[in-house]
Amino acid sequence: MSGNILSFLAGTIALAAIYAIYTLGFNLQFGYTDLANMGYVAFFAIGAYVSIILTYSPPGPMDAYRFGFNLPMWVGVIAAAPAAALFAFLTGLPTLKIIKADYFIAVTFAFAEIVRMVMQNEIWLTNGNFGFYGLSRPFKQFFSSYTYEFFFASLMVGSLIIAYLIMRRICNSPFGRMLKGIRENDMACQSLGKDIFRAKLKSYMIGAAFAGVAGSLYALYTTVIVPEMFVPSVTFVAWWAVMMGGKGNNKGAILGAFIFIFVDQLTIFTQASAAYATRLSSLRGFIMGVMLILILRFLPQGVLKEKKVVYDSKI
Amino acid sequence: MMNFSILLQHITYGIVTGSILLLATIGFSMTYTIKGFFNIAHAELLTVGAYLTYLFYRIMGWNFIYSAILAIVLTTMIGFLIGKTLYEPMEKYGSLILVFTSIGVAFAMNGITEFIAGPIIKSYRMLPTKAIRVAGIPLVGEREVLIVVIAVLSSFFLHFLLTRTSIGKAFRAMASNTNLAMIRGINTTKITNFVWIYASAMAGLAGILLAMVTSLSTDLGWRQILIILAASILGGLGSIYGAMIGTILLGLVMDIGVIFLPTAYRPTIAFAVIIIMLIIKPNGIFGGK
């Protein structure tokens with residue numbers, strides 16, 4: 001029994017690490033650049049699908065999908081980043097010119113839903129609502145199915161550490177400081193000769209690349225990809241985690257994602273019997289919604305506040 | 001000739017879709033006009049209204065009209081309470097935080113509805129009505145005609161409210177300039193209360209009508225929110241009359257659009273409207289600038 005709990009815990013940590021990478025990218029877009037992206041799940045979905053199409057076995061005569069390139073798994077994970085960033089570039093060009101946050105929310109929300117509709121209906125590319133099943137997991141052959149859970153969790157936590165270090169480097173670079181400057185006062189930045197639109201587009205694309213990689217790792221975790229996994233509420237996870245952990249704080253984003261997944265998985269784990277399972281799972285939305293309302297009201301800066309950095313004023 | 005009858009059918013479907021959408025969008029648009037934020041949880045009130053009617057009509061076995069009226073009253077009370085207790089204290093943080101709060105509210109409402117009602121799709125199980133034929137072409141049932149009549153009547157009622165009553169005039173004053181309205185001694189709290197009440201009542205009504213012609217699922221409202229958003233953007237955000245025209249137009253565009261597009265892509269027409277309008281003409285098709 002305790003073994004079951006341990007392997008459940010390992011699975012939860014792996015999932016939380018994946019969502020933490022996903023939230024890190026969102027934190028760059030929203031926390032650092034104030035891009036209220038309501039369609040963030042689209043990048044996650046594109047990352048997952050691109051990596052699957054690249055690594056899945058080629059279609060047989062009975063299969064509805066047309067492409068499967070059977071490439072190694074790491075190719076899929078790496079390719080997910082530029083694919084999501086490309087989509088961010090294409091959608092960012094027209095939408096990042098929108099100044100009003102409300103309008104940006106509406107447009108990105110609509111984009112993500114269009115992406116999901118395309119995934120549901122373009123069967124030749126995505127296999128429609130059936131999606132892709134039975135994906136293989138990395139280095140599975142070297143482990144027993146019990147120890148593999150722990151190996152996979154450490155692999156995901158390792159990926160998270162790499163993602164965090166990259167993100168920290170980006171945020172502490174002059175580019176990261178410029179993003180904060182744009183967020184605080186875009187007119188002042190413009191007067192210093194900074195190209196605001198270009199900086200926003202870069203931030204949007206880098207954030208998307210993180211979501212893309214997270215999407216490809218998520219595909220390895222679930223071993224199943226269907227369009228239903230990319231509903232708007234997945235964007236809500238990133239929002240929730242950033243608001244909970246602390247906007248503009250990378251450690252906060254990771255903490256927020258871990259809290260979300262642990263609360264979420266706890267409601268699964270405590271399910272007494274199958275009869276109550278569906279009822280209890282609908283309470284998850286309720287719990288998450290109420291928690292978000294409470295954070296916004298009583299802890300608007302999140303658990304870990306953004307650190308104020310004071311630069312040396314001596315010239 | 002066959003094409004003409006198909007087109008006529010799709011136009012009538014579009015008017016029915018637009019009529020339900022009109023009732024659903026009015027409240028959303030009013031909230032945006034007065035409170036300045038997209039109330040994502042507005043569509044959940046459709047679900048609440050539809051399910052409360054199901055509770056009274058199917059489970060308790062009451063008369064449908066009484067069930068619907070009681071459901072609308074309760075939905076109105078829920079909407080009013082949420083507005084007062086959850087949104088109004090958050091106004092000081094700005095519209096973005098209000099949008100997040102409303103997303104939280106939407107998830108909470110959706111979760112609690114699903115917890116109580118269960119995930120199984122339900123229906124009012126009303127008998128099918130006779131289709132009305134025009135020149136031999138079967139168009140819509142009597143129930144659909146009733147929906148259009150309700151939408152038209154409620155539009156006239158709202159027009160009457162806005163132009164003839166003091167609260168309606170005060171609403172229009174507040175919509176065009178909140179600060180000026182306050183300085184002139186208009187009771188803005190009263191207007192806000194009116195908006196929460198009217199918006200929630202219309203949402204409840206729209207939910208019941210939608211469930212009458214389709215079925216009840218807990219994502220009934222959630223599926224509509226982007227379409228509601230699209231309709232209010234099409235007509236021009238902040239314009240009540242624009243929103244009314246926007247809903248009928250969007251209903252027509254969506255239902256005529258499926259002649260040319262696969263049916264599965266019907267909602268994407270609304271999503272495309274949001275993207276195109278906000279990038280090119282954010283003030284709506286009638287808006288200036």
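Is A:Asn127 buried or exposed? I looked this up first: A:Asn127 is buried, with 25 other C-beta atoms within 10 Å. My cut-offs, with C-beta atoms placed from the backbone, are buried for 20 or more other C-beta atoms within 10 Å of a residue's own, exposed for 12 or fewer, and partly exposed in between.

**Ground rules.** I am working with a predicted model, where local features need pLDDT of at least 70, side-chain atom pairs count only at pLDDT 80 or more, and totals for chains, interfaces and linings use all residues. Residues are numbered from 1 along each chain as its sequence is written, while chains are lettered from A and ligands numbered from 1 in the order in which they are written.

**Two positive phi values in chain A.** I found A:Asn127 in the loop between α5 (123-126) and α6 (145-172) of chain A. Its phi is near 65 degrees, a positive value in a residue other than glycine. Then I turned to A:Thr223, which sits in the loop between α9 (196-222) and α10 (233-245) of chain A. The phi of A:Thr223 is near 60 degrees, again positive in a residue other than glycine. A:Thr223 counts as exposed, with 12 C-beta neighbours inside 10 Å.

**Chain B overall.** I listed 11 helices and 2 strands in chain B; these are DSSP runs numbered from the N terminus, helices being H or I of at least four residues and strands E of at least two. Along the sequence I read α-α-α-α-β-β-α-α-α-α-α-α-α. The radius of gyration of chain B is 19 Å, close to the 19 Å that the globule rule gives for 289 residues, so chain B is as compact as a globular protein of that length. (The radius is taken over C-alpha atoms, and the rule is 2.2 Å times the number of residues to the power 0.38.) Its C-alpha trace spans about 60 × 50 × 35 Å along the principal axes. Of the 289 residues, 46% count as buried.

I followed β1 (residues 131-134) and β2 (residues 137-141) of chain B, which pair in the antiparallel sense over 3 bridges; pairing needs at least two DSSP bridges. B:Ala131 has B:Gly141 in β2(B) as its bridge partner. Between the strands there are 2 residues, and B:Ala135 in this hairpin takes a positive phi near 50 degrees.

**Helix α6 of chain B.** In this helix (residues 166-176) I noted B:Ala170, B:Phe171 and B:Met174 as the buried residues. Seen down the axis of α6(B), they fall within an arc of 105 degrees, so they line one face of the helix. The arc is that of the directions from the helix axis to the C-beta atoms.

**Where the chains meet.** I found 36 residues of chain B in contact with 36 residues of chain A, contact being C-beta atoms, placed from the backbone, within 7 Å. α4 (95-117), α9 (225-235) and α11 (266-280) of chain B each supply at least two residues of the side that touches chain A. α4(B) gives the most, with 16 residues. I also looked up B:Ile274, and leaving aside its neighbours within four places in sequence, its contacts include A:Ala106, A:Val107, A:Ala110 and B:Ala230.

Notes
Contact = placed C-beta atoms within 7 Å.
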